[in-house]
Number of protein chains: 2
Amino acid sequence: RAHRPIRPMATGARVPSLFDSLDTFTHRHVGPDDKEADKMLAALGYSSMDHFIQDAVPAHIRIDPANVSDEAIPPLSESELLLRAGLLAAQNKVHKSYIGMGYHTAVVPPVILRNVMENPAWYTQYTPYQPEISQGRLESLINYQTMVTSLTGLDISNASLLDEGTAAAEAMVMAFAAASQKKKDFFIDTAVAPQTVSVLRTRAKGFGINLIIGNASTAFTNGSHDICGILVQYPDVNGLIRDFSSVAQAAHDHGAIVVAATDLLALTLLKPPGEWGADIALGNSARFGVPAGYGGPHAAFFSVTEALKRKMPGRLIGLSKDVTGQPAYRLALQTREQHIRREKATSNICTSQALLANMAAMYAVYHGAPGLRAIATKVHFITQSYFDALTINVDDASALHQVAEHQCINLRRIDAKQVGVTVDESVTPDDLVNLINVFAIHLSKPVVTLPDILGSHVGASATISPSFAPSFARTSQFLQHPVFNTHHSETEMLRYIHHLQSKDLSLVHGMIPLGSCTMKLNSTSSMIPVTYPGFGNIHPFAPIEQAQGYQTIIKELEEDLCRITGFHSCSLQPNSGAAGEYTGLSVIRAYHESRNEPHRNICLIPISAHGTNPASAVMAGLRVVPIKSLADGSLDLVDLKDKAQKHKDNLAAFMITYPSTFGVFEDGVKEACDIIHMNGGQVYLDGANLNAQIGLTNPATCGGDVCHLNLHKTFSMPICVAEHLAPFLPGHPIVKTGGSKGIDAVSAAPFGSSSILVISWAYIKMLGGSGLSKSAHIALLNANYIAHRLKQHYSIRYKNGKGRVAHELLIDLAEFDKSAGLKVADFAKRLQPTESETLEELDRFCDAMIQIRVEVDAIIAGKQPRDNNLLKNAPHPMSVIALPEDKWKRPYDREAAVYPLPWLRERKFWPSVSRIDDAYGDLNLICECPSVEDLADS
Amino acid sequence: RAHRPIRPMATGARVPSLFDSLDTFTHRHVGPDDKEADKMLAALGYSSMDHFIQDAVPAHIRIDPANVSDEAIPPLSESELLLRAGLLAAQNKVHKSYIGMGYHTAVVPPVILRNVMENPAWYTQYTPYQPEISQGRLESLINYQTMVTSLTGLDISNASLLDEGTAAAEAMVMAFAAASQKKKDFFIDTAVAPQTVSVLRTRAKGFGINLIIGNASTAFTNGSHDICGILVQYPDVNGLIRDFSSVAQAAHDHGAIVVAATDLLALTLLKPPGEWGADIALGNSARFGVPAGYGGPHAAFFSVTEALKRKMPGRLIGLSKDVTGQPAYRLALQTREQHIRREKATSNICTSQALLANMAAMYAVYHGAPGLRAIATKVHFITQSYFDALTINVDDASALHQVAEHQCINLRRIDAKQVGVTVDESVTPDDLVNLINVFAIHLSKPVVTLPDILGSHVGASATISPSFAPSFARTSQFLQHPVFNTHHSETEMLRYIHHLQSKDLSLVHGMIPLGSCTMKLNSTSSMIPVTYPGFGNIHPFAPIEQAQGYQTIIKELEEDLCRITGFHSCSLQPNSGAAGEYTGLSVIRAYHESRNEPHRNICLIPISAHGTNPASAVMAGLRVVPIKSLADGSLDLVDLKDKAQKHKDNLAAFMITYPSTFGVFEDGVKEACDIIHMNGGQVYLDGANLNAQIGLTNPATCGGDVCHLNLHKTFSMPICVAEHLAPFLPGHPIVKTGGSKGIDAVSAAPFGSSSILVISWAYIKMLGGSGLSKSAHIALLNANYIAHRLKQHYSIRYKNGKGRVAHELLIDLAEFDKSAGLKVADFAKRLQPTESETLEELDRFCDAMIQIRVEVDAIIAGKQPRDNNLLKNAPHPMSVIALPEDKWKRPYDREAAVYPLPWLRERKFWPSVSRIDDAYGDLNLICECPSVEDLADS
Ligand SMILES: Cc1ncc(COP(=O)(O)O)c(C=O)c1O
Ligand SMILES: Cc1ncc(COP(=O)(O)O)c(C=O)c1O
Ligand SMILES: O=C([O-])O
């Protein structure tokens, strides 16, 4: 434990600000206090923060601090924020929703709500790039994949996509790619959800795909050989359970891919798509215990046949083994994942919805097949020959909706004569009575009571047979793996959750060392409102008057983000960083088109860019032209000017990450933007690193026209644009969003992952202007302090002219390959990362890095063999440390292996497996829960 | 992981009950499902549950199952319960409270709320009898003790008591005992809180102490040599900061003990009691981040001078070392704790408020001295020369209260001309404006605004000096230990909490093997409402109309408990099992008095009784006469009859635990009760084991007159009584409770630990009658199944005539002392307990026990030395397993030490220290955080 200096007791207590609540957020969120910051500045040779910032951030892009000040964004204390969030939640009217269309009122098992969704040991984890310390969440994601393949009847599932609409878009592009981009038509059945169709329209545009909408059964009747794929919905958006087997047959006869948008709950009773010929199944898994949250986030599922498996987008968890032969999970095909095929990409998907996929998987673990089937049987019983949705013809839909609203009931608005009713797990007998009485009141008939409608069914044990045609009934078993048949009591479920948790290193232990993608802890006060029912149980297509709490948050968040970025307008619809890029570029394309320059299709991108950048450009129909970097990591302005001028007539955009992914604020950013504008292009600024800019500079000042921001680092995944681009922000087919000339939807829900906008909103409101700006100052200081402490031991790859890095740094380890036979992974696996933001934590991290350097020296000096040493053998799990005497064949002792530094005796985190064999895993792709026999064999 | 049989897929889905929600609670709470129960019954040789129950529970005490049926207590689903709890919470009106009197609106730091209070890895822990796997919570409790001694300026603190009232009663009895019970007077200053005085009245009665109430400064003026102690409140109940140093001097001159009821926050600014002569300091620590919850639970603090330390009641955490010399925490003076001095007791305190003490300690860790001082300065600034409370003279208090209530403000009701105002951390400037305007409106003066009242103080950094007399100012430092000076950012705090958590075995890992006291998991749905603001932020003395949600819960809970126990009335005021015993016996005494038999003072108690039973009897002024047990563990009815007749004229009560603490349903219970009644006595039934009775029998049917129930096993700690005892249930000086001839208060709050009544209420409502009864059936089955599996390996101490145990069992290990030199602790420390209620978990537990037996055999056979073997050396922490080769001097290998059973490879829990040295700890009693130097030395 630490030694902060104990301050002498003053006789008169110092009150920082007498009426400031003691629960102000900034001093809880920002690690180093003023004294520690002063020490760090002194170590770097500065007498003040200002001097340091002058060296770190170019002067010509600095902004007036008044832009992001407490006057501009007044800080709320944690209590004030929670009070206000509670009031806003109460302004969202939680009506009983029968709107359906893929969004349901989830019944979240409380044990999962509290121990997964509300638990920082689960919600702070990010991409499991270091599988040895992520076996818990990897096991849960494998459970998810197993659940999806088992229910859809297909061979392989990924670890989730962003939503049903974008998943359908991914499927469409897979079909297009499968036919080598030669067949340009994609067929959509008329009864596919309208929001999905809208997202497909946007995506089709970039690839030049032609959408045909019609009745699926006639798609191939006149031999349409230009159709690369067909999308049907099963059951369809109106609730019909249709037999698509002959459509699938016809499609396959024509070499087209069959895509089924479907529903996991329905598949517990219905024949799964994999059994009637679908090649791809996808949909929204949120009804498995994830709140609707006004649209998201949730995990979209996506599964494919064996034949398509290596073409499937998204992250895939696989089973491999560790060097001792123990089975161990990992992110499969990681090379693909990390480099996203860049210019050749057909998908830019990067972040998946791990937390939400884990919740859905846990829900299946908790209920098991019999439980899921019982839930399905209930909703099916209510709607009878449909699965869970009915379309009802009425004389006057709008009058009926009025009656319903009066009863706090929302029905689906189809048109003037039709309303939709979708039933979910949450519906109780009383709800049903109220629902039926909406129709009774509307028709001036007598109202009914519970016994009237349920008759002998209430409370009686009954074996009911599904009331649809027997040919649709599922006969195959599902979820037979023990994991879905064991943890059905709350105590067992709790223990399973905590058991997996205990295998994972997360932010509750220390830093997650991911550079650009490093997460920080979402504060409890920003997480608490997310699970308020007033935020969780709002349907994304609920009338806007019922979502006034959300609308206030959306408005305030948009205003604050515009203030922070310096831009004019904002869209919150994209649901990942990559989706933001894609949206921003699509907006730029629409802008060029509106000026009659649709031919502008060149996108300049520095080679250092994150893999999603070129991928997004390709998806938006742009051609990527790479721009070189100079030796010091900065943009080659000469090359940029060259390429810009060369492509002058067709220049659409330039994408730049700022500060760069090499961790520097480049001096030339403004000049670069000028070059682009002079040549008719627009500048896309990847704002993933925006946390280093706030209050110091902003994308508008740097010269950008549009940017996105990333929740997992700073706020959320909105995009912000300059005024001239505002009209093109994305729209939505059901709820009005975006600009007057808006592009089609980029995600299924009008405001994207709305429920987590609450987090970003709370974060901004609690820090307030000065806190936001302070967090950027300290982010820069922390990174530079680390660089300073490590520079005698390692070479820091990139610095600016003044020797400063931005908010992250790259350490060059290449030299050790030759001198000690060590690869980057050997360092990473040995590192037990423990950084957080305080000085003490930073020092621990640096001490660990320096200790590793000592271990390296022992190898270089030949004191330890190159192939059997502390680094090569890292990590050391408990099972290895407990080896019997005769099996411990290492040239160092066990204490050296597990306690390289003294404080680890107190704070050791134990990995559960040894180094994992990636090559083995990629060769033997197993992406489902291993059977008990498999585990026994190994 | 497990292999539950995978059930064949039925073509028509079986719906247990078509409209049953799938979130019914019983199948989540009860481990074994029907198939597993059948297997277990078969293993025991029964073809049905009924046959088994016939053998386990005596026929003549069985009740009609209709008593506890779904008709009697209809079950709610988890969703329904949460809905109803939300509605009830909304019926509690959260007014801004200035009532004070020891209860404040706490500001719970969100990181503590979510990661301690709402986290099953913290809230399920119970008494740390096995310190090796409890180092986390022990460290936190040591932090608590350090905080208390540091703030009160005294030498040693216990790990908490139940509330301020009962803590004051403990102090009084200590003073009485210190003078060898010879001095009968105890002096109470007039300005002590009335609820404390009421609790003292009750307690004084049992010991025959005479209470004198008057102005403390005149207590000793006429040489009162009969005063054993004096209680003052500092600051006093009216907010005055009084100088008690000369009172203390006078008291000491007269050989009396000085007790100060005080306030931890005030002590950050005021001279601590230890510095002006108090011998004992006590009070409520809840304002350190624990919600008021309509009265509790919260931790009362209690600290004493060095001279009194071995007389201090309650649990005490001490620092010792483990066998390797590492520092390690433990429950100190455990022998005393577990046996509670029985007939010689002066205190019956057993359960402490560990969770709430941990929250208060974490609050101090998070804020540190500067933070606490800043909070104190704020409340002090508002009330100026008082600390945080004012008493204001008004013309018409009741009119003023009306105005206040209209503004949703509660003031303290003192009398017709005086009102009280107490200010706490939660008060914002806006609150202050509203408060002042209550007076303005009342006086028809113009209302004020924020700038009016704060003037230049708002937002300004200021160093203000306390405005009380300098002689009262604290000059000594406090909370200087690093633990209070390190974890001040949310990220650091989170990591500290999780770091401690990782050292503790809790219900999230497996069973807590405590026999009679075994906890089961409180379900998430019963915990969720506890932290709703509508339950948390209600002052216990708020007008009853504002607490209608609570009142409904209290009424429903009382009704259900009466139904379950078969009794007539109920009091929820006692706040522990022991307090329930004491209350019940006090009620019995009051009953005898009302019949003009005050001389009845003999209490018969079987020698097998839990230590709290005789202690409670002594405290209630009864003389304990022990009753023998027979060899089979049952009550010696001959001895009982003998003693009952012998003491016929003075017989007050008989206390019996049922099923007994030996784990059997004794046949003779009814006969025993008859014997007592025939001899004029009343029967107290200790209902700690009531979970084995529900729906099968009940205390009334067994022949009891009063019983208590224990939350940590079944419900809560209420007592239920037969009709003739109802008039004597305890009252309260501020809020009307209890019977027409009620005894004085037994705890400071009218309804005891009200906020956790919500847990008991939710538990009963969700299980419903049939679920409650089922849980009793399965508890019996589980215990008998374990007995069956272990009987070939161990001898089971007590069984009934049919060979059956009740809900728990005692294993006799005495034989191994001789045969292998092993003590009970050697078994317990080797056991990595993993029981829960499912068959699979029970089997794992039994397998572990049987494996231990194998290890014992190796010692008996001489294959392992008696002093250096797996059992003697258990537990094996990581630091021991990682010893270098030359230091591993054990006659077994490391794998045998850590993986005695194969499934432990997957589910290992690592203790953080080796076997702890109790003798060393008791000799060297260190009950504060060890200094950094101490830790470095060891
Ligand atoms: C610089 C940069 N741009 C874009 C992204 C893509 O964001 P996402 O994973 O949310 O799609 C990342 C990844 O976090 C990134 O680091
Ligand atoms: C049989 C019995 N009676 C009484 C008690 C005392 O209860 P408490 O610890 O709540 O005071 C216990 C302990 O749990 C017990 O096991
Ligand atoms: O708490 C007891 O174990 O008595």
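A:Phe52 is buried, as its relative accessible area is 0%. The model discussed here is predicted. A:Phe52 takes part in an aromatic pair with A:Tyr46, and a search of the whole structure finds 29 aromatic pairs over all chains. The points below cover aromatic rings, charges over rings, one glycine of chain B and a sheet of chain B.

**Aromatic rings**

- A pair of aromatic rings is described by the distance of the centres and the angle of the planes.
- The ring centres of A:Tyr46 and A:Phe52 are 5.6 Å apart, and because their planes stand at 70 degrees, the pair is edge-to-face.
- A:Tyr46 also counts as buried, because its relative accessibility is 12% and the cut-off for buried is under 20%.
- One aromatic cluster is formed by A:Tyr294, A:Phe535, A:Tyr550 and A:Phe751.

**Charges over rings**

- Within chain A, A:Lys321 lies over the face of A:Tyr920, at 4.3 Å from the ring centre.

- B:Gly274 belongs to helix H11 of chain B, which covers residues 273-276.
- With a relative accessibility of 29%, B:Gly274 counts as partly exposed.
- Not counting residues up to four places away in sequence, B:Gly274 touches B:Thr152, B:Gly153 and B:Leu154.
- B:Asp155 is 119 residues from B:Gly274 in sequence, while the C-alpha atoms of the two are 8.2 Å apart in space.

**An open sheet in chain B**

- In chain B, 7 strands form an open sheet with mixed pairing, in the order E16-E22-E21-E20-E19-E17-E18.
- Strand E16 (569-571) and strand E18 (623-627) of chain B are the edge strands, each pairing on one side only.
- On average, and with direction ignored, neighbouring strands of this sheet are turned by 25 degrees against each other.
- Strand E17 (residues 602-606) of chain B pairs with E18(B) in the parallel sense over 5 bridges.
- B:Pro606 has B:Ile627 as its bridge partner in E18(B).

**Helices packed on the sheet**

- Helix H21 (residues 577-594) of chain B packs on the sheet, where it touches E17, strand E19 (651-657), strand E20 (682-687), strand E21 (706-709) and strand E22 (719-721) of chain B.
- The direction of helix H21 of chain B makes about 170 degrees with that of E20(B).
- Helix H23 (residues 637-646) of chain B also packs on the sheet, touching E17, E18 and E19 of chain B.
- The direction of helix H23 of chain B makes about 150 degrees with that of E18(B).

Key: Residues numbered from 1 in each chain as written. Chains lettered and ligands numbered in written order. Predicted model: local features only at pLDDT ≥ 70, side-chain atom pairs only at ≥ 80, totals over all residues. Heavy atoms only, no water. Phe/Tyr/Trp six-rings, centres within 6.5 Å; stacked < 30°, edge-to-face > 60°. Buried < 20%, exposed > 50% of the residue type's maximum accessible area, 1.4 Å probe, protein only. Lys NZ or Arg CZ within 6 Å of the ring centre and 35° of its normal. Helix = DSSP H or I, 4+ residues; strand = E, 2+ residues; numbered from the N terminus. Contact = heavy atoms within 4.5 Å. Pairing = 2+ DSSP bridges. Axes fitted to C-alpha atoms, helices over the stretch in contact; angles between N-to-C directions.
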